[in-house]
Amino acid sequence: MSASRLVKKPLLAAAAQLKRTGRALGKLKPAPVHPAQALHDIKARRAARRRPSGLQLALADRVDFLNPAHWDELATQSIFLSRDYLRVLEAHAPDNLEPRYALAYDDGRPVAALLLQRVTVGGAQLRKPGSQRLVAAPMAGLREHLLVCGNLLVWGPRSMALAPDTDPGQLWHGICEAIYRLRRADKLDGQSDLALIKDLGMPGDAVPPTLRLLGYRSVETEPDMVLTLRPEWRSWDDYLASMTSSYRSAAKKLLKDCAAAGVTLREASAAEMQARADELHALYGQVHAAQGLRLATLTPGYLPAMAQALGARFRCRVAEHADGRWLGFVTSVHDGDTTLGYYIGYDRAANAEAPLYLSLLQSTVQDAIAFGSSRLSLGRTALEPKAKMGAKPEPLSCAVRHRVSALNWITTALTRTAEHDEPPERSPFKTAPVDAA
């Protein structure tokens, strides 16, 4: 999951573990600050946290409880903010996830639409990859709540829409105010100790200053691997023709190896997805089970319902054996000028016999070209094969805050220790021709 490396250590009470094991906390503490400056910063943060944003807020548990015209006015920025999608999310949300919504107004004019999620995290989300054992024995009885401004089922800045002609500082202050009010409202169902603003489309050191003033700490996560589609790519063959011979041969060989194993890739309809939902979910589960931190697990009805609700904006491609079995699938979502290579699943044993994963992954290029997109977003994992397809990293970061201000230094220390893999440098394409002057 895209937020896993950010929230894993706080949720596992890493600070307590550091103390128990005698690890050198001094190495994790922030750099020394002059006492006068530190006092000034503390006073400024305290004053900011107690000052309202000046925006008016409408908070809701369902998107249809909000003014639909006002929501739609902003939500055009992403299909993942459309009411069509959000109704699917509400009906088929993971068992441990509850959507929340906020609309912010400036003198009656909608200026921010926010999707938030209240997430319950327990031992089931914290098991070792491929194992039934918990990451740590003390986590067996863990039950924590996390309030996320964002969507754990998608990556990138696709869960908030901000009016472009509004003061950014006031908007971010209003977002934090909405988080605070929702966290306080949900207290009866269990305290949310951590608030997370997920997937800001900027490097970790470029988090808006208003968030820092309000006590949020930033961390850079794995980048989103994005393929920029060239205008001359009108088909899969055009894409292949732009590659150097070695990469082109490797791409073609994937499909040949699948064909030799009796596997073909084809599109599946929404009706087929619904009829074979359990089969799809089992394939997804084989991939999902390998993840160490599983903050949210899809329900069997989620992807078929998305296909039905989004229509031509959603595609599912399956790897079908000659005997009719589905051995893998990949989904693609058309979101503005971007196609998301969305969820993927495959039979791990069959993948050892034929390159199901790699073939399905590269087939998302065909979907992106068919959608007429200029970008293909492939997410954070499997950096090497995505780089070989021509994808380049785009930075993403998150911001996190503990509800107890005095403990935010621990959050800072932990986020500073976060590490992520660096994407490899690959150049699969021929040098693009230079236009004549």
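**Entry 1. Overall counts**

I counted the elements first: the chain has 16 helices and 15 strands. Both are DSSP runs numbered from the N terminus, helices being H or I with at least four residues and strands being E with at least two. The model is predicted, so I kept to its limits: local features need pLDDT of at least 70, side-chain atom pairs count only at pLDDT 80 or more, and totals for chains, interfaces and linings use all residues. Residues are numbered from 1 along each chain as its sequence is written, and side-chain values use heavy atoms, with hydrogens and water left out.

I then looked up burial for the chain. Of its 437 residues, 51% are buried. Buried means under 20% relative accessible area, exposed means over 50%, and partly exposed lies in between, with a 1.4 Å probe and protein chains only.

I also looked up contacts, meaning heavy atoms within 4.5 Å. Among contacts in the chain with a separation of 6 or more, 77% are between residues 24 or more positions apart.

I followed an open sheet of 7 strands, and its order reads 9-10-11-12-13-8-14, with mixed pairing. Two strands pair if DSSP finds at least two bridges between them. Strand 9 (263-268) and strand 14 (392-394) are the edge strands, each pairing on one side only. From one strand to the next, the twist averages 30 degrees. Axes here are lines fitted to C-alpha atoms, for helices over the stretch in contact, and angles run from 0 to 180 degrees between N-to-C directions.

I took strand 11 (residues 326-335) next.

I found serine 332 bridged to glycine 341 of strand 12. In the hairpin of strand 11 and strand 12, 2 residues lie between the strands, and glycine 336 takes a positive phi near 65 degrees. For burial, I recorded 9 of the 10 residues of strand 11 as buried.

**Entry 2. Helix 11**

I checked the length of helix 11 (residues 277-288). Its 12 residues should span 16 Å at 1.5 Å a residue, and the end C-alpha atoms are 16 Å apart, which agrees. The expected span is 1.5 Å times one less than the number of residues.

Which residues of helix 11 are buried? I listed Ala277, Leu280, Leu283, Tyr284, Val287 and His288. They lie on the same side of helix 11 because they cover an arc of only 140 degrees around the axis. The arc is that of the directions from the helix axis to the C-beta atoms. What covers these buried residues includes helix 10 (270-275), helix 12 (302-310), strand 11, strand 12 (338-346) and helix 13 (348-351).

**Entry 3. Two aspartates with positive phi**

Most residues other than glycine have a negative phi, so I looked up two exceptions. Aspartate 107 has a positive phi near 55 degrees. Aspartate 107 is in the loop between strand 2 (97-106) and strand 3 (109-122). Its relative accessibility is 71%, so aspartate 107 counts as exposed.

Aspartate 199 has a positive phi of about 60 degrees. I found aspartate 199 in strand 6 (residues 192-200). Is aspartate 199 buried or exposed? It counts as buried because its relative accessibility is 1%. The side chains of aspartate 199 and lysine 198 make a polar contact of 2.9 Å. A polar contact is a pair of N or O atoms within 3.5 Å; within protein, one must be able to donate a hydrogen and the other to accept it, and residues adjacent in sequence count only if both atoms are side-chain atoms.

**Entry 4. Serine 192**

I stayed in strand 6, where serine 192 is found. Serine 192 is buried, at 1% relative accessible area. Its side chain makes a polar contact of 3.3 Å with the side chain of arginine 118. Leaving aside neighbours within four places in sequence, I listed the contacts of serine 192 as Arg118, His145, Leu146, Leu147, Arg183 and Arg403.
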